[in-house]
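Here are a few notes to read with the model open beside you.

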Amino acid sequence: METITFHSYRGGVGKTLLSVNTAVKLALSGKKVCLVDFDLRAPSHQSLFASSTFSVSHATKSFTGFLVGDHGPESVINSTNMDNFHCVFSNIEILQQKESKIRTKLTQHGEGRILAKLFEFIRYCNSQEFDFLIFDCMPGITYRSLDALVVSDKIMVVTRPVKSEISGLRLVISECYSKLEGAKLFSIMNQVEQIEDLVHTPNPLDVNLVKVNILGITKCLEESSTSIPLLHTFPRIPFVTERIYVLDEKEHPFSTEIDIFCTKLLQ
Ligand SMILES: Nc1ncnc2c1ncn2[C@@H]1O[C@H](COP(=O)(O)OP(=O)(O)OP(=O)(O)O)[C@@H](O)[C@H]1O
Ligand SMILES: [Mg+2]
């Protein structure tokens with residue numbers, strides 16, 4: 001089994017859209033996949049899956065509850081109407097209800113207790129013969145995102161070529177990715193403006209700005225002492241929303257990009 005985490009320094013770069021579509025596509029291609037909503041502070045998968053043609057067989061308990069020891073790993077994995085695809089939801093209510101106790105457990109260092117729970121979950125998924133365990137991680141450098149990075153075999157560093165991203169990326173490489181041992185790091189550049197679309201806009205300076213930002217991210221990745229090869233570049237596709245394109249709209253340009261990305265992942 002391979003554990004893959006989608007991570008970024010900044011929020012809103014596309015981790016959820018990419019990880020969900022990647023996980024479903026891998027399952028469609030015959031792999032047994034478990035996708036975990038590991039954005040504990042702002043989980044979104046449950047509502048995303050509710051709005052798709054997907055159906056989750058039965059409601060299970062939350063990953064948040066598993067992490068704090070309320071129940072075992074077997075009770076958090078949802079089966080779906082796709083044989084190979086299983087998903088695990090996090091629960092924001094649990095944080096709100098038992099606010100202080102649970103929040104403290106989930107946000108503090110905790111002497112590696114949550115890390116141990118993640119390893120326990122990985123062992124369980126291994127025993128269930130999953131091919132892929134995919135974490136859609138919360139952004140930034142937090143104790144919990146570090147835990148997810150530490151347990152991963154592969155990390156997909158999702159970036160977006162905007163100016164404000166570059167300094168953040170530099171920081172997360174030096175403070176975080178460079179200290180990881182064993183995991184293979186890859187980068188994804190997402191929401192890249194298509195130059196062909198932009199040359200028709202009134203301001204040609206925009207074209208230059210897009211090129212400068214792409215170059216900035218590329219240099220940042222290449223110049224770091226930690227090797228983070230660029231695995232795929234996803235164009236910014238107008239009107240892309242939070243959907244499972246690979247299932248609902250197989251011919252959509254975003255589905256085509258996910259197909260190519262998954263082929264690279266499986267190589
Ligand atoms: N390639 C793309 N083209 C156009 N829109 C995109 C693309 N990728 C993502 N988006 C849009 O960008 C927004 C943010 O995406 P998403 O929620 O997946 O980011 P995220 O990294 O998971 O954010 P967060 O860190 O807040 O969880 C969404 O509205 C999504 O539909
Ligand atoms: Mg997200």
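1. H1 gives the shell around ligand 1 its largest share, three residues. Helix H1 (15-28) and strand S7 (184-192) each supply at least two shell residues. Helices (H or I, at least four residues) and strands (E, at least two) are DSSP runs numbered from the N terminus.

2. A word on the source: this is a predicted model, where local features need pLDDT of at least 70, side-chain atom pairs count only at pLDDT 80 or more, and totals for chains, interfaces and linings use all residues. Residues are numbered from 1 along each chain as its sequence is written, chains are lettered from A and ligands numbered from 1 in the order written, and side-chain values use heavy atoms, leaving out hydrogens and water.

3. Back to the ligand: 16 residues surround ligand 1 (a heavy atom within 4 Å counts as near). Among the closest are Gly-12, Lys-15 and Asn-190.

4. Now look for N or O pairs within 3.5 Å. Backbone N or O atoms of Pro-235 and Ile-237 each lie by a nitrogen atom of ligand 1, at 3.0 Å for Pro-235 and 2.9 Å for Ile-237. Asp-39 puts a polar side-chain atom 3.3 Å from a ligand oxygen.

5. Next, find Ser-224 in the loop between helix H10 (205-223) and strand S8 (230-235). Is Ser-224 buried or exposed? Its relative accessible area is 16%, so Ser-224 is buried (under 20%; exposed is over 50%, partly exposed in between, with a 1.4 Å probe and protein chains only). The Ser-224 side chain reaches the backbone oxygen of Thr-226 at 2.6 Å and that of Leu-221 at 3.4 Å.

Technical notes: A polar contact is a pair of N or O atoms within 3.5 Å; within protein, one must be able to donate a hydrogen and the other to accept it, and residues adjacent in sequence count only if both atoms are side-chain atoms.
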